[in-house]
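Trainee: Hi! Could you walk me through this one?
Mentor: Happy to, let's take a look together.
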Amino acid sequence: MGAIEIGYGQLALGALLLAINIGLSIALRLGLARDLVIGAARMTVQLLLIGLVLEWVFATENPAIIVCIAVLMAALAGRAGVKRTARRYPGIWWNALVVILGASFLVTGVSVLGVIRVDPWFDPQYLIPLHGMLLGNALNGISLGLDRFMEGCAKDRALIETRLALGATRWEAARPVATEALRTGMIPVVNSMMIMGLVSLPGMMTGQILAGADPAQAVRYQVLIMFMIASCVALATGGVVALAYRALFSPRHQLRSEKLRGA
Amino acid sequence: MPLLAVRDAGRRVSDRWLWRRLSFEVREGERVGVSGPSGSGKSLLLRAIIGLDDLDEGEVIVAGKPLREWHLPDLRSRVRYIPQTPAFADGTVREALAAPLGYATAVPPPAGWLAERLERLGRGADFLGARTETLSGGERQIAALLRAMQTGPQLLLLDEATASLDPDATDAAESLLADWLAEDASRAVVWTSHSRDQRSRVTDREVEIGPAAETASA
């Protein structure tokens, strides 16, 4: 049992739904009509292209290509994570890249090899979508955690330096800001676990059910992916906050706030 | 051996030297004033002494040991800098005073230490229960002074420490510091103050900084 095929004609028909948004924007002069059209067009083209790429990827049986694609996806996610921060410090791009590669490969690896036991391990049907979902969430964690940590270091500079002047080590001085950053980075994933199934039906599960999977099976996949996402976000946020801490607090217990620059 | 020695110190902001070839010593029991016009980098000098910033040239030696050889949290519990505008985390004065006692380097004050000081400053127990964000500028300076003194430093670096106090509170703070010095002959204090009167009251000699420091010793 599979889903009903959707052709391009049907997609065009579906696009008419956007007329509601455009009509609303024009009627209320929201000035969004142009962005809506561009956004919808971009989304369509990007997804159609990725559909082609995925078809090609799924046909290859070369693990090197699949791993390369996973690395490329992680690099794009790391870059997107930093792009949304309001401040930067030298090395921030590398920090995000290293952390997101490490966290996503570790969690994907453990799940694909140890939990789902995919055979062969590089089967792109599992590896690519699972990896992609982890990256999408890790990116948010990195973005929020970094932003909060840098903001805290800039805004609470006087307080942090007061702690240092009172004999705190760099970690004692930074800890309140670091824990707050970690907490901020993990809030979205905790929230989404809390309401999942009550308020939101997650996209992956819905997709599997549409594709004809047994709902109980789809639910088990969803639960597993949420565990994976939660651990990946924790690793990525914790890792990137730790690296930002090392960049902004010198081993001589100084706050190097001059390293922070506006984005 | 001097408690503190600053040797040929220089500090630059962008391309301009705030002060250069600055040398002085502070010995046990001394009260030293640092004077210089606004923006001459008095605060930067005090910050450099405890290693919050680095000097651009020269060195700071505390108790015979150059700054780079110190584990700075140890140095900072011995040489305590009190900034002009003290910062507090949200919470009560009691919590603000307790927080630094949790640091690895902290030495807790003897029992009754705080109560005695508060009484001398004319502050009741309600002062400890007040939230730091509701304190006046003067009260913040008093809380900062107590917070800095409670763990037994040997050298205090005071940056306009009484600038927000009314005359009575200034007298009280000055006598608190005088008693603190008198308690132990190995203690010393460095003040910056805009008030020439205050400097002449609370210090024995003055170190002048600014571009003049360069020409004086060049």
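Mentor: Let's begin with strands in chain B: β6(B) and strand β7 (residues 155-159) pair in the parallel sense over four bridges. Strands here are DSSP runs of E with at least two residues, helices are runs of H or I with at least four, and both are numbered from the N terminus. Two strands pair if DSSP finds at least two bridges between them. This is a predicted model, where local features need pLDDT of at least 70, side-chain atom pairs count only at pLDDT 80 or more, and totals for chains, interfaces and linings use all residues. Residues are numbered from 1 along each chain as its sequence is written, chains are lettered from A and ligands numbered from 1 in the order in which they are written, and side-chain values use heavy atoms, with hydrogens and water left out.

Trainee: Which residue in β7(B) is the bridge partner of Tyr81(B)?
Mentor: That is Leu157(B).

Trainee: And which way do the residues of β6 in chain B point?
Mentor: Val79(B) and Tyr81(B) point one way, Arg80(B) and Ile82(B) the other way, and all are buried. Buried means under 20% relative accessible area, exposed means over 50%, and partly exposed is in between (1.4 Å probe, protein chains only).

Trainee: New topic: how many salt bridges are there over all chains?
Mentor: The count comes to 25. A salt bridge needs a side-chain nitrogen of Lys or Arg within 4 Å of a carboxyl oxygen of Asp or Glu.

Trainee: Why would side chains pair like that?
Mentor: Side chains of opposite charge can pair when their charged atoms come close.

Trainee: Where do Asp56(B) and Arg11(B) sit?
Mentor: Those two side chains meet in a salt bridge, 3.4 Å from N to O. The pair links distant parts of the chain, 45 residues apart: Asp56(B) is in the loop between α1 (42-49) and β4 (57-62), and Arg11(B) is in strand β1 (residues 4-13). Asp56(B) is partly exposed at 37%, while Arg11(B) is buried at 15%.

Trainee: What about Glu180(A) and Arg183(A), how far apart are they in helix α8?
Mentor: They are three residues apart, about one turn of the helix. Their salt bridge has its closest N and O atoms 3.4 Å apart.

Trainee: Last one: is Thr184(A) buried or exposed?
Mentor: Thr184(A) is buried, because its relative accessible area is 17%. Thr184(A) also lies in helix α8 (residues 170-195).
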